[in-house]
Every structure is written in structure tokens, then in C-alpha cells.
Amino acid sequence: MPKLRDILKPRPRILFVGINPSLRSEQMGHHFASPGNPFWRLLYAARLVPEALTCEDDARLVEFDLALTNLCARATRAASELSTAEMIAGQRILARKIQRVRPRVVAFVGVSIYRRFFGVVQGEGAGAKQEEISGARVFVLPNPSGLNASYPGFKDKLIWFERLRIFAESD
């Protein structure tokens with residue numbers, strides 16, 4: 001089975017941070033590989049990348065000054081399968097990665113991962129945040145999964161990917 005690797009580069013414009021890979025992503029060896037996940041289409045539609053990409057192009061993110069990692073490396077069917085210990089260890093590892101690569105913007109892909117990382121109990125949905133991590137500004141995207149009931153359609157998610165582009169350009 002292919003190993004799912006982080007896609008990192010020094011000082012990216014945006015570092016996308018997911019909670020953990022899906023079983024499909026691990027199986028394919030590419031990020032956001034589930035057929036129902038529109039992450040790659042959203043990047044293009046929001047003009048965060050200049051050409052349409054698929055999960056098989058994930059290594060190309062660095063060409064567009066982007067990077068991608070996860071809070072936890074272990075693939076699961078659902079993030080709820082991750083243990084508290086894995087999440088705590090993942091937070092420490094992620095903080096070190098962010099400090100090392102020094103992105104201009106950290107974009108958490110999902111409200112729950114943002115809340116987990118900063119200890120925010122409720123409220124605080126998608127959008128720009130006040131917090132910073134190692135000098136990086138923070139933005140929260142809705143989880144692009146088709147299972148996300150709070151942002152059910154492509155257009156509901158696209159709004160936030162477009163706002164991320166504008167936020168990153170205002171750097």
C-alpha cells in the first residue's frame with residue numbers, strides 16, 4: 001500500500017491541515033482521494049490553483065505555493081476513531097511542522113480540527129480567526145466531505161474557499 005506523505009515546502013502561501021486521511025486516501029496514496037470529496041474541484045473553482053487538479057496531482061501543490069498535512073497520520077473511516085492520545089500527539093507534531101515550514105496562512109480543513117487545536121469549545125465556524133501559529137494567520141474551511149450537513153452543497157463550501165483566497169492575498 002502506498003504511503004501517504006505530507007506535501008510540504010518552505011514558507012508556503014497556504015498550509016492546508018486536515019484532521020486525518022480517509023481509508024481511500026491511504027489506499028490510493030493521495031490526499032482527498034474519496035470520490036465524493038470536492039476538495040480538488042474547490043481549489044480550482046476558488047482560483048487557489050490555476051488549473052484543475054485531482055488527488056493524483058497532490059504533489060503538485062508545491063508548484064502553486066501550497067502545502068498539505070494532517071493532524072493525525074493514521075487513516076480511519078471516521079475521525080471519531082482517533083484516540084485522545086493520538087490527537088494530543090498530533091497537535092504537538094503539527095505545531096512543530098508549522099514552526100518548521102513557516103506558512104503565511106494555516107487553513108484548517110474542518111471546523112472540528114480548528115476547535116481541537118485551539119481548545120475552542122463551541123461557536124467559531126468557518127472563516128478568518130484571530131489566533132496565529134508561529135506567525136501564520138489562521139483560516140478555517142468547512143470540511144469538504146459530502147457528509148458535512150452544515151455545508152451540504154458545493155457552492156456552500158466554495159464561498160469559504162474563495163474567502164480563503166482573498167484572505168491569503170491580503171497578506
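Buried means under 20% relative accessible area, exposed over 50%, and partly exposed in between, with a 1.4 Å probe and protein chains only. By that scale Arg 11, at 44% relative accessibility, counts as partly exposed. The model is predicted, so local features need pLDDT of at least 70 and side-chain atom pairs count only at pLDDT 80 or more, while totals for chains, interfaces and linings use all residues. Residues are numbered from 1 along each chain as its sequence is written, and side-chain values use heavy atoms, with hydrogens and water left out.

**Overall architecture**

- The protein chain contains five helices and five strands; helices (H or I, at least four residues) and strands (E, at least two) are DSSP runs, numbered from the N terminus.
- Read from the N terminus, the order of elements in the protein chain is β-α-α-β-α-β-α-β-β-α.
- The protein chain is as compact as a globular protein of 171 residues, because its radius of gyration of 15 Å is close to the 16 Å that the globule rule gives for that length. The radius is taken over C-alpha atoms, and the rule is 2.2 Å times the number of residues to the power 0.38.
- The C-alpha trace of the protein chain spans about 35 × 35 × 30 Å along its principal axes.

**Burial, contacts and surface**

- Of the 171 residues in the protein chain, 49% are buried.
- Among contacts in the protein chain with a separation of 6 or more, 69% come from residues 24 or more positions apart; contact means heavy atoms within 4.5 Å.
- The protein chain carries 25 positive and 17 negative charges, whose mean positions are 3 Å apart. Lys and Arg count as positive and Asp and Glu as negative, without His and the chain ends; each charge is placed at NZ of Lys, CZ of Arg, CG of Asp or CD of Glu.

**Asp 65 and Arg 104**

- Asp 65 belongs to the loop between helix H2 (39-45) and strand E2 (66-70).
- Beyond its neighbours within four places in sequence, Asp 65 is in contact with Lys 9, Arg 11, Pro 12, Arg 13, Ile 14 and Arg 104.
- Arg 104 is located in the loop between helix H3 (84-101) and strand E3 (105-109), and its 23% relative accessibility makes it partly exposed.
- Arg 104 and Glu 132 are 28 residues apart along the chain, with 9.9 Å between their C-alpha atoms.

**Positive phi values**

- Most residues other than glycine have a negative phi.
- Arg 11, in the segment before strand E1 (14-18), has a positive phi near 50°.
- Arg 102, in the loop between H3 and E3, has a positive phi near 55°. At a relative accessible area of 39%, Arg 102 is partly exposed.

**His 30**

- His 30 sits in the loop between helix H1 (23-28) and H2.
- Not counting residues up to four places away in sequence, His 30 touches Leu 4, Ser 25, Cys 55, Glu 56 and Asp 58.
- The side chains of His 30 and Asp 58 are joined by a polar contact of 3.0 Å. A polar contact is a pair of N or O atoms within 3.5 Å; within protein, one must be able to donate a hydrogen and the other to accept it, and residues adjacent in sequence count only if both atoms are side-chain atoms.

**Further loop positions**

- Asp 57 is part of the loop between H2 and E2 and is partly exposed at 22% relative accessibility.
- Asp 57 and Ala 75 are 18 residues apart along the chain, and their C-alpha atoms are separated by 20 Å.
- Asn 143 occupies the loop between strand E5 (136-141) and helix H5 (154-169), where its relative accessibility of 32% counts as partly exposed.
- Asn 143 and Pro 38 are 105 residues apart along the chain, yet 9.9 Å separates their C-alpha atoms.
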